[in-house]
Amino acid sequence: MKNLLSCAALSAAFLFNACNNAATTTETATNDSTMTSSAMATPEPTQAEKNTANMKAIYNGIETGDMSASNAFFADDVVDHDAGRNRELKGKDSIQKMLGDIHNHVADMKFEIISDATGGEYHFALTKISGKTKDGSMGMPANMNFTDTSIDMVRVSNGKVMEHWSFHRPGNLPQQHKMGK
């Protein structure tokens, strides 16, 4: 479960780095057959809006097992301070592998962002996570339905996720403390 939550936090970090593009729209005049095309700049999304969009993209990657979208957003030396099994995990490749692998052990996994906020170089997300374990590798029995709530926090520097922390509701999943034993 901690792996799941760590993934969520890293996903949140991924969200910090959304690309901003101006949109081009085509307007059609309805009064006559005249059509005009004009480039109209859309309002620039706020950093908080970019972070939320990126968070959703990362959670989708965890749900599907495809973390390729995160390549551009994790620093090579990113550190997950809460990677499950009471350990830190270092390096983009290791973290992406861990996050992508969660999909192999949890069926019907869903992430729901309840609330999120950006402050300076930190982004926080209160997230509801649910699914059904496929096996016992997540520290819970196989075929167990679960729901957890966590707060994921990431630190971003120069557009790259540098660190991740995850905080779980105490006692929510007693089995998670047995992970790695």
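## Buried or exposed

A residue is called buried when its relative accessible area is under 20%, exposed when over 50%, and partly exposed in between (1.4 Å probe, protein chains only).

What you're looking at is a predicted model, where local features need pLDDT of at least 70, side-chain atom pairs count only at pLDDT 80 or more, and totals for chains, interfaces and linings use all residues. Residues are numbered from 1 along each chain as its sequence is written, and side-chain values use heavy atoms, with hydrogens and water left out.

## Salt bridges

Side chains of opposite charge can pair when their charged atoms come close. Here a salt bridge means a side-chain nitrogen of Lys or Arg within 4 Å of a carboxyl oxygen of Asp or Glu. Searching the whole structure turns up three of them.

Helices (H or I, at least four residues) and strands (E, at least two) are DSSP runs, numbered from the N terminus.

Lys92 is buried at 16% relative accessible area, while Asp76 is exposed at 60%.

## The network around Arg155

Glu121, Arg155 and Glu163 are linked in a network of salt bridges. Glu163 meets Arg155 at 2.7 Å, N to O, and Arg155 also bridges to Glu121, the closest N and O atoms being 4.0 Å apart. Arg155 belongs to strand 7 (residues 145–157) and Glu121 to the loop between strand 5 (106–119) and strand 6 (122–133), so this pair ties together parts 34 residues apart in sequence.

Arg155 counts as buried because its relative accessibility is 17%; Glu121, at 35%, counts as partly exposed.
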